[in-house]
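Please have the model in view while I talk.

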Amino acid sequence: MFSVADNRAAIAYARFGLGRQAGGPEHGDDAYIRLLQEIDEGSVPQPGGGALPTGADIFRRIWAAKAAFKQGQTGPDTNPGPGLFLDELDARYNGTMFTADTGLTERLVMFWTNHFAVSRDKHAEINAAAGAFEREAIRPFVYGRFFDMLLAVETHPAMIWFLDNQNSAGPNSKRGKGLGLNENLAREIMELHTLGVRTGYDQADVTAFARVLTGWTVKYRDSDPGEERGGFAFNARMHEPGPQTIMGRTYDEEGFMQGAHVLRDLASHAATARHVAIKLARHFIGDTPPPALVARLQQTFLDTQGDLKAVTRALVQSDEALAAPGQKLRLPQEYLAVAQRALGLRLKPTTIQRFLVEMGQPMWMPSGPNGFNDTVPVWATPVSLAGRVTLATELARLPAGAPDPRRFVADSLGALLSDATRDAVARAETRQQGLALALLSPEFIRR
Amino acid sequence: MTFSPSRRHLLSLAAGLGASVAFGAAVPRLARAAGSRDPRLIVIVLRGALDGLMAAPPIGDPDFAALRAGFADVAPLPLDNMFAVHPSLANFARQYHAGQAAVIHASATAYRDRSHFDGQDVLESGYPVPGHTDSGWLNRFLAAQPAERTTRLSGVAGGNLAPLTLRGPAEVLGWSPSMPDLADGDLAPRLADLYRQDDPLLAGVLDEAVRTGQIASGYTGQTTGDGGYRAMTRLAGGLSQLLIGNDGPRVAAIAFYGWDTHAAEAGRLNTLLAGLDAAYATFESALGPAWSDTVILTVTEFGRTAAINGTHGTDHGTATAAFLNGGAVKGGRVIADWPGLKPARLYQARDLMPTTDIRGVCKGLLVELFDAREGALATDIFPDSAAVRPMTGLIA
């Protein structure tokens, strides 16, 4: 009934994309080719088309709001964070995700945003600027070089603030008497962002790296060094002077370049290549990433000096990419976008936020810098499933031309549709129930 | 668009009900019928295929007991020598004996297959075949009213999603109570069946979620948003308020679901029919004096198998029972050309044989309540139905 080509296309679409759009192109052989074209083209849309504020701008607004609050001036715009957050959600779920062709680029953005995770629940600044962080430090680099993304991330105000580096000063720096050394950023860069845990660095390396990173801060006062308040600044008065030795290599560069060189070496380290390979394979293919695939991705990373376009292409073209569908559950953030696209339904941002919270994955709010867990057991829980049931039931009830569920499930799942699901949908008591069953079918929840 | 005073009144009325009301721009109006009567027609669609043999058991039929022995746990309420109604329909039975309710048995649409969606589309669209989902027969009836005959707003659709019966070119009000929407208690069991086939992981998660009450399963009649009692009575109450207004609508349509009783039918129908009966009682009391001008028509897409299946339920069938109640009904009778339940008399050897086309009932109501013209009924409102005569004498 379905050709082998249709099957491959359906698997690839589900595994790497955000599912078929209502009224979008059919599943077919060229669907898989479009995935590869998307990688080659390498263009990444900007949510809000440039109208959303920059991270620095947002930081300034938050500081202004805090100052106004302190002076007892409260008003509707006192905290611009919540409104900004809804705008960011809208720009993606009703914008870039909704209109994406395959959805691969948006999936990659979500993956890297979770890899370099910040969390909105830590500070008002991050609550407001998490979307800007994604727009500025992640998106431009998903088809670029890993090192470029790494550098953009570790110099973004949101990451500096999130990992408490803004007040970290070297003991021998000019500000060292008043401020102390904070190791958080250094540790998480090594453990989470690059090398991975237990890959040959020790506590001394972390501390040395922390010293290197002193002075990597956010310009706060007009009198501070740096170009723009709320933006990244290197503050030499906070920087620990002198060379530092990390994992057997001595870095004697001055100022900002010392840290940039460490990051360059971390970005090209074999352990980093392996770490990235494992995370990509685990996210897209299966909880136990196939060792051969990991090795291949790691090698591609090293051979191309961290060219993420090449690594992504290697992933999508691998044999493992088209084998054994359904090993992973769609994460809640993906699942909502898939459902919206399949039904052709834009939603109010507050509704989007509510669904994500109910399913257990509020946007940009993981419990820690390690991001949301990416394995099946963590999402195969009654709470998360109940959240999906709520989402499916509500979306299925929304008026505006509810499609025939039998046609909907065939169009949206293509060759992945099982006989069991098709029959269950056909036998549903009402259209709404049929649509809800389709949205909750194993083929829709898994990828 | 300018609001007439009557519309403003309607809006404030609806606001007082804590509900949402939607308007269209040019709402056709229905003339007061000649004479003193100011008729109301309420169409209730039961989605899922109501088991007519359980709702209105033909206890006098010699072959009934063998088919359904021991199935009903409580004795039904007799209507006449031949027929009874389910014990949960106590108010309906009372209305019957007061001459204000009737049963139309062994009735069906022209649809002879067994898909819920297609059957409901045929029932509501008024077409003899599925695939027509743009408009319903009742909406097209409203749309056909000539402007000079009409003086008031006419249609209101109850619930979150307007039933197809009242969707179409004629603008109608929409009314929905502000309460958490009906949870579909039937979704989780069906989902569990689906997961159990191929996905043990999700099946286990769903079971646990149901067990711990995080996902609703089944119709209990106790919980809020149970798709039953509370929802049905709230909708009946709200629609009644709108229907009694001097300038309010005169035609309403609403759908209730949960009637697809493939398993554990006895318990489920106990609860569901109790909810329906409570809605009937709510209409009766909330409409007040307008009850004497009202007809409620309760229909479903098809019936169920004559015999019980292996899971204490019934599967999709053909003919079923429809209900009429209201002060305007010439009631106290069961209208049926009863085919009997001998195996040779069953449709495809499994279902109650249909002998009455339900479109004839709808046509008869439109003619006797609203002076509808037979020609239009046979072509526009129920396309290709010239052979189906309007049933006469339904109205007192």
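By a polar contact I mean a pair of N or O atoms within 3.5 Å, where within protein one must be able to donate a hydrogen and the other to accept it, and where residues adjacent in sequence count only if both atoms are side-chain atoms. This is a predicted model, in which local features need pLDDT of at least 70 and side-chain atom pairs count only at pLDDT 80 or more, whereas totals for chains, interfaces and linings use all residues. Residues are numbered from 1 along each chain as its sequence is written, chains are lettered from A and ligands numbered from 1 in the order in which they are written, and side-chain values use heavy atoms, with hydrogens and water left out.

Between chain A and chain B, twelve residue pairs are in polar contact, both residues being at pLDDT 80 or more. On the side of chain A that touches chain B, the residues divide into 20 nonpolar, eight polar and seven charged (Ala, Val, Leu, Ile, Met, Phe, Trp, Tyr, Cys and Pro count as nonpolar, Asp, Glu, Lys and Arg as charged, and the others, Gly among them, as polar).

Three salt bridges cross this interface, each a side-chain nitrogen of Lys or Arg within 4 Å of a carboxyl oxygen of Asp or Glu; in one salt bridge, the side chains of A:R431 and B:D121 meet at 3.0 Å, N to O.

Contact, meaning heavy atoms within 4.5 Å, takes in 35 residues from chain A and 37 residues from chain B.
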